[in-house]
Amino acid sequence: MTSPAQASAELAELAALVREHGVVHGRVTLSSGAESDHYVDLRRVTLHHAAAPLVGRLIRVLTADWDYEAVGGLTLGADPIADAVLHAASVEPDAPGIDAFVVRKSTKEHGMQRLIEGPDITGRRVLVVEDTSTTGGSVLTAVRAVRAAGAEIVGVATIVDRDTGAREAIEAEGLAYRALLGLPDLGL
């Protein structure tokens, strides 16, 4: 696993990549319905060749004391994070394999008609991830689906916490919550 000094340097590098590629200035409406003078578009970061490996390693460091077998969350924001964590865990010496899963926004209407795609998470310990947390509404949609599927959620991790109520909403559901970065880390 990544050393503390290396993790600190990688976190600073990730923050710089988010500032460069993910922060968009201008009036926007967030998924929560709130308006903001900036938008943090993490897909520009989590799908970036230099940032994705950092995301995977840093989420593993952030959650090193949590025991989980699978990672995922609500599509589309959580998908590249889950993949990055899966790949980061695969190169850790003596680490068990971590599977990834995807929570759809609605049940697929054909084929297997699944709400959660990937290896079965029933009875497994899982980490739920999100790219940017505002009110917690999106990640709690995933949490409800994962609980209904019979998985045990060890916690929720996000890349950027906007500090606008997500932590409180997630903790009110009885879940541990951690974030890699806050808005001050991005100069916002």
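Reader: Why does R147 count as partly exposed?

Author: The model is a predicted one. In it, R147 has 36% relative accessibility. Buried means under 20% and exposed means over 50%, with partly exposed in between, so R147 counts as partly exposed.

Reader: What makes the contact of R147 with E173 a salt bridge?

Author: The side chains of E173 and R147 meet at 3.3 Å, N to O. The cut-off for a salt bridge is within 4 Å, and the pair therefore qualifies. E173 lies in the loop between α6 and β8 and R147 in helix α5, so the pair ties together parts that are 26 residues apart in sequence. E173, with a relative accessible area of 38%, is likewise partly exposed.

Reader: Which residues of α5 are buried, and what do they pack against?

Author: The buried residues are V139, L140, A142, V143, A145 and V146. They pack against β3, β4, β5, β6, β7 and α6.

Reader: Why is strand β6 described as largely enclosed?

Author: Of the 9 residues of β6 (residues 125-133), 8 are buried, so the strand is largely enclosed by the rest of the structure. T132 has 14% relative accessibility, and because buried means under 20%, T132 counts as buried. Leaving aside residues up to four places away in sequence, T132 touches V40, L42, T158, V160 and R162.

Reader: What makes β6 a partner of both β3 and β7?

Author: Strands pair if there are at least two bridges between them. β3 (residues 70-74) and β6 have 3 bridges, while β6 and β7 (residues 152-161) have 8; both pairings are parallel. G72 stands opposite V128 in β6, and V126 has I153 in β7 as its bridge partner. β6, α5 and β7 together make a right-handed β-α-β unit.

Reader: Why are β5 and β8 called edge strands?

Author: The open sheet of 6 strands has the order β5-β4-β3-β6-β7-β8, with mixed pairing. β5 and β8 each pair on one side only, and they are the edge strands.

Reader: How do you know that R125 and E152 form a salt bridge?

Author: Their closest N and O atoms are 2.7 Å apart, and the limit is 4 Å. The pair links R125 in strand β6 with E152 in strand β7, 27 residues apart. R125 is partly exposed at 26%, as is E152 at 43%.

Reader: Are R60 and E92, which also meet in a salt bridge, buried or exposed?

Author: R60 has a relative accessible area of 9% and E92 has 13%. Buried means under 20%, so R60 is buried and E92 counts as buried. Their side chains meet at 2.7 Å, N to O. R60 lies in helix α3 and E92 in the loop between α4 and β4, so the pair ties together parts that are 32 residues apart in sequence.

Terms used:
Residues are numbered from 1 along each chain as its sequence is written. This is a predicted model: local features need pLDDT of at least 70, side-chain atom pairs count only at pLDDT 80 or more; totals for chains, interfaces and linings use all residues. Side-chain values use heavy atoms; hydrogens and water are left out. Buried means under 20% relative accessible area, exposed over 50%, partly exposed in between (1.4 Å probe, protein chains only). Helices (H or I, at least four residues) and strands (E, at least two) are DSSP runs, numbered from the N terminus. A crossover is right-handed if, with the strands pointing away from the viewer, the path from the first strand over the helix to the second runs clockwise. Contact means heavy atoms within 4.5 Å.
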